[in-house]
Amino acid sequence: MISSNAYDYINVLDKAADAAAMRNELIANNIANQDTPGYKRQDVDFEGQLKKAMRNSKYTSVDSKVSNLRSRSLEAKQYTDYGNYSYRLDENNVDPEQEQIKLAANQLKYQGIMSSLTNELKNLQSVMK
């Protein structure tokens, strides 16, 4: 991670892209294990970590909040979803249709993050010229 004010948003977008990639892998794993007895779905909590980190500085601008973020506070946390009730007798709580929807939504989110990251880098490149 680069530590400079010019790269603050790039660093956050980088962490968000990593979290989206991790979520993509976990969702694919959930789909692959949809028939495994006792399997519990897994997911990533990046958005919650970002919201928590941004809330720490309540009365400051977004730019100030982003510049004060620490990379450790933005680590995506993988978790197993024990709370999602299973109606199946084998106690597997993966709903294949829901996972497909989450996969499509995550792919769109990843594409948006990558587009934003590309724009930020283009802005930096134009400033350096």
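**Reading the fold of a predicted model**

User: Among contacts between residues at least 6 apart in sequence, what share joins residues at least 24 apart?

Analyst: A contact means heavy atoms within 4.5 Å. In the protein, 77% of the contacts between residues at least 6 apart in sequence join residues at least 24 apart. The model is predicted, so local features need pLDDT of at least 70 and side-chain atom pairs pLDDT 80 or more, while totals for chains, interfaces and linings use all residues. Residues are numbered from 1 along each chain as its sequence is written, and side-chain values use heavy atoms, with hydrogens and water left out.

User: How many helices and strands does the protein have, and in which order do its elements run?

Analyst: Helices (H or I, at least four residues) and strands (E, at least two) are DSSP runs, numbered from the N terminus. The protein has four helices and two strands. Read from the N terminus, the order is α-β-α-α-β-α.

User: What radius of gyration does the protein have, and what would a compact globule of 129 residues have?

Analyst: The radius is taken over C-alpha atoms, and the globule rule is 2.2 Å times the number of residues to the power 0.38. For 129 residues a compact globule would have a value near 14 Å, whereas the protein has 18 Å. Along the principal axes, the C-alpha atoms fill a box of roughly 60 × 30 × 20 Å.

User: Which residues touch the most other members of the largest nonpolar core?

Analyst: In soluble globular proteins, nonpolar side chains tend to be buried together. A nonpolar core is a set of buried Ala, Val, Leu, Ile, Met, Phe, Trp, Tyr and Cys residues joined through side-chain atoms within 4.5 Å. Buried means under 20% relative accessible area, exposed over 50%, and partly exposed in between (1.4 Å probe, protein chains only). Here the largest core holds 18 residues, and Val12, Val44, Phe46, Leu69, Leu74 and Ile113 touch the most other members. Helix H1 (8-32), helix H2 (47-55) and helix H4 (96-128) each give two or more residues to this core. H1 supplies the largest share, eight residues. In the protein as a whole, buried residues make up 32% of the 129 residues.

User: Where does leucine 74 lie, and what is it in contact with?

Analyst: Leucine 74 lies in the loop between helix H3 (62-68) and strand S2 (77-80). Leucine 74 counts as buried because its relative accessible area is 4%. Leaving aside neighbours within four places in sequence, its contacts are Val12, Lys15, Phe46, Leu50, Ala53 and Leu69. Phenylalanine 46, with residues up to four places away not counted, touches Val12, Lys15, Ala16, Ala19, Arg23, Leu74 and Ala76.

User: Is glutamine 49 buried or exposed?

Analyst: Glutamine 49, in helix H2, counts as buried because its relative accessibility is 10%. Apart from neighbours within four places in sequence, glutamine 49 is in contact with Ser73, Glu75 and Lys77. Glutamine 49 and glutamate 75 are 26 residues apart in sequence and 7.4 Å apart in space, C-alpha to C-alpha.

User: What phi does glutamate 91 have?

Analyst: Most residues other than glycine have a negative phi. Glutamate 91 has a positive phi, near 65°. This residue lies in the loop between S2 and H4, and glutamate 91 counts as exposed because its relative accessibility is 51%.
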